[in-house]
Amino acid sequence: MAVDREESASFCHPAWDALVPARAAYLASVSPHYDEVFWDVAQRVDRAGSLGKTDIAALVVWKRLSAQTPWVTALMSLPDSQVRAITEQAVASVQDLGLSRGKAAQAGRGAISELPGFVKGDALASAILTSAAPTRMAVYDQHVQRAIDFLGLTLTDRSGRYGRYMDILDTLLKHSGGRADGWTARDVDTALYWAGKNSK
């Protein structure tokens, strides 16, 4: 079943039954220091308005991805000024409050696709975009996808997935019934991550 922005609160209740305890388990199990690298990058993005190769490299480590792939070589071969020009567009997009969360995510994802290694796959791209708007955007990965599937929500891998993912989170946040007051999209993604990582 697809979730749209007008989905009823009643549909979202079963999702929150899983997400609230998953978020609590995540907070109890993951070191409070784990996200220090992410927040350090986010602060630098806030000051610079873009990400450089050093910031992207830090997020590769934070996401526990391999840096021994051809796209990394291609990225590192670009001048940092070119990387920053591309990421500056992405940062501006996800911070544009004139756009809905989903549209901003889609625009940011489109901008970042100009970098080597970012045409397909949303894991690292979403980390970059979330570092640019840490309370508005959210990280996506295979564990998140597993949780979304388990909850009966629909998120296919066709083009524009990251924007649709943010629409799902936006709907969930709007229909939390007070159970997620104060939560950000990033809080929801950590709950999804934990639920998907630990699903049987």
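**Entry 1: helix α5**

I began with the length of helix α5, residues 80–94. At 1.5 Å a residue, its 15 residues should span 21 Å, and its end C-alpha atoms are 21 Å apart, so the two values agree. The expected span is 1.5 Å times one less than the number of residues. Helices here are DSSP runs of H or I with at least four residues, numbered from the N terminus.

I noted that the model is predicted: local features need pLDDT of at least 70, side-chain atom pairs count only at pLDDT 80 or more, and totals for chains, interfaces and linings use all residues. Residues are numbered from 1 along each chain as its sequence is written, and side-chain values use heavy atoms, with hydrogens and water left out.

Next I looked up which residues of α5 are buried (under 20% relative accessible area, with a 1.4 Å probe and protein chains only). They are V83, I86, T87, A90, V91, S93 and V94. These buried residues pack against α2 (36–48), α3 (53–62), α4 (70–76), α6 (101–112) and α7 (123–132). Contact means heavy atoms within 4.5 Å.

**Entry 2: α5 with α6**

Two packed helices are described by the angle between their axes and the distance between the axes. I found that the axes of α5 and α6 come within 8 Å and cross at roughly 175 degrees. That makes α5 roughly antiparallel to α6 (an angle over 145 degrees). The axes are lines fitted to C-alpha atoms over the stretch in contact, and angles run from 0 to 180 degrees between N-to-C directions.

On the α5 side I listed I86, T87, Q89, A90, S93 and V94, which meet A104, A105, A107, G108, A111 and I112 of α6. By class, this contact has eight nonpolar, four polar and no charged residues. Ala, Val, Leu, Ile, Met, Phe, Trp, Tyr, Cys and Pro count as nonpolar, Asp, Glu, Lys and Arg as charged, and the others, Gly among them, as polar.

**Entry 3: α6 with α9**

I then turned to α6 and helix α9 (residues 161–174), which pack at about 155 degrees with their axes 7 Å apart. That makes α6 roughly antiparallel to α9. R101, G102, A105, Q106 and R109 of α6 make the contact with Y162, G163, M166, D167, D170 and L173 of α9. I counted four nonpolar, three polar and four charged residues in it.

I looked up S176 in the loop between α9 and α10. S176 counts as buried because its relative accessibility is 5%. Leaving out residues up to four places away in sequence, S176 touches W16 and D181.

Terms used. Helix = DSSP H or I, 4+ residues; strand = E, 2+ residues; numbered from the N terminus. Buried < 20%, exposed > 50% of the residue type's maximum accessible area, 1.4 Å probe, protein only. Parallel < 35°, antiparallel > 145°, perpendicular 65-115°, else oblique.
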